[in-house]
Amino acid sequence: MQSRIRRTGALVGAGAVVFGALAVVAGNQADAQQSAPTPLDQVIGEQLQGKAALGKLQPRLAELAERNGIAEQKLQQILATDKTSWLDKTGKLFFREPMATKAERTATAASPRWAAAPVRSAVAAGPAFELHSKPGANRVIYLDFDGHTITGTAWNSGGRPSTVNVAAYDTDGNTANWSTAEQDVVRDVWARIAEDYAPFDVDVTTQAPAESAITRSGSSDQQYGTRVLIDPGTWYQSGCGCGGVAYVGVYDEASRHAYYQPALVFTKGVGTGAKNIAEAASHEAGHNIGLSHDGTASVGYYQGHGAWAPIMGVGYSKAISQWSKGEYTGANNKEDDFAVAGQNGLALRADDHGNSTTDATTLALGATANGVYANDSDVDVFRVANLAAGRYTFTANAAASGADLDIKLQLLNSAGTVVATADPAAGQTSASTPTGLSASITQEVAAGTYYLRVDNVGYGSPLNTGYSTYGSRGAYSVRVTAG
């Protein structure tokens, strides 16, 4: 700048003032460049566990919070209190989940029997690998059981192999085929996760989508999702001793979406049974959609009470696991799971049935109608016209595997007056099998038109014995039969 001033020494008056101002601006810019903060990846250098990261990066907390799309106070709490929280070298938050206990890993209930015979490949396995919860949705959660190559991702950094070939799920030591038991696990895992995510406008699937249906290429790309890889290997798990890993809030990441894929569930850490894999997979996908852990001041993962646990806690021993907003005693995380998911690209699905007798869905005697209870304020009503006088059974069944929805069923007459109500007490016969979520009414009725009203309910107190209506959402079916 000095040489530039010498070259213009003949200039005087206003011109000299202008060049003097330019010199000041240029000097300020140079000072600003010299004082610009060091890039985070140069400061962090390596993956850091929560407390260590906070100790090193406290002055950069606001920048880290913005980087992760999390409130500064919330991020500080996570790093300070959650031992499973980590920052990668770019400052991106992820979690390493603890392993299930030995008792939890080995206490696996038998899956329902769907498969008829062993098959040689996932493609040939037919039904187990062609499952969709909402075909055509722009959002996807792909449950990958048949192996995957991980390369060019965050999981390949930190000294880990640049390419990892993850093997397919296997429980019988025969990798040349899929046994009926293995197919049944795939089917049961899908059913449980499809139920957890039923309120959302997302397709939970076991059929491999095009990569473009998972990866988001930019902010204008509205078709994207996540891959949850069921990993039987040790390449990552042996180093962390964990049950799964996933990045937080990357579901709708627009710039480096593929870099933060996939979410991983390790069977070495959670076991090979459907219940545990499903709980872990829903949990890891939950991190991808921005959710943090549900715990208490003394416990990182709340294990629940009664038959209930939060999905973002740990639900291996509870038959009813639901999304939560921290209504139990001592909850350290009050975030609204449904709201956070919506902020990270996963909206609730639209209402599918009328809410009153005036716009009720018609239901024929002997037919089955399916629905999804997606919003806590929803009520679904069905019209059964011209019943003859007699005895009938009116049934509303919750999902057969891993139900989240607790149903209250009411029978109304043609005037809209409640004739009968069914709302059984909830519980569990095992960690995999809830009770009291479906509802049934057997009633003698006069000839006429009747209505069925399906409503969601809670059970007990969300503080310590049960749950509220908040997470009581999911799929159901209704049916009316004679006799």
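Predicted model: local features only at pLDDT ≥ 70, side-chain atom pairs only at ≥ 80, totals over all residues.
Residues are numbered from 1 along each chain as its sequence is written, and side-chain values use heavy atoms, leaving out hydrogens and water.

**How the two helices meet**
- Helix 5 (residues 61-68) packs on helix 6 (residues 72-81) at an angle of about 95°, their axes 9 Å apart; helices here are DSSP runs (H or I, at least four residues) and strands are E runs of at least two, numbered from the N terminus.
- The pair is therefore roughly perpendicular (65 to 115 degrees, between N-to-C directions of lines fitted to C-alpha atoms over the stretch in contact, on a scale from 0 to 180 degrees).
- Leu61, Ala62, Leu64 and Ala65 of helix 5 meet Glu72, Leu75, Gln76 and Leu79 of helix 6 (contact: heavy atoms within 4.5 Å).

**Helix 5**
- Leu61, Leu64, Ala65 and Asn68 are buried (under 20% relative accessible area, with a 1.4 Å probe and protein chains only).
- These buried residues of helix 5 span an arc of 100° seen down its axis, so they line one face (directions from the helix axis to the C-beta atoms).
- They pack against helix 3 (40-44), helix 4, helix 6, strand 2 and strand 3.

**Helix 6**
- Lys74, Leu75, Ile78 and Leu79 are its buried residues.
- Their directions fall within an arc of 125°, so they too line one face of helix 6.
- Gln73 and Thr81 are exposed on the other side of helix 6 (over 50%).

Methods:
Parallel < 35°, antiparallel > 145°, perpendicular 65-115°, else oblique.
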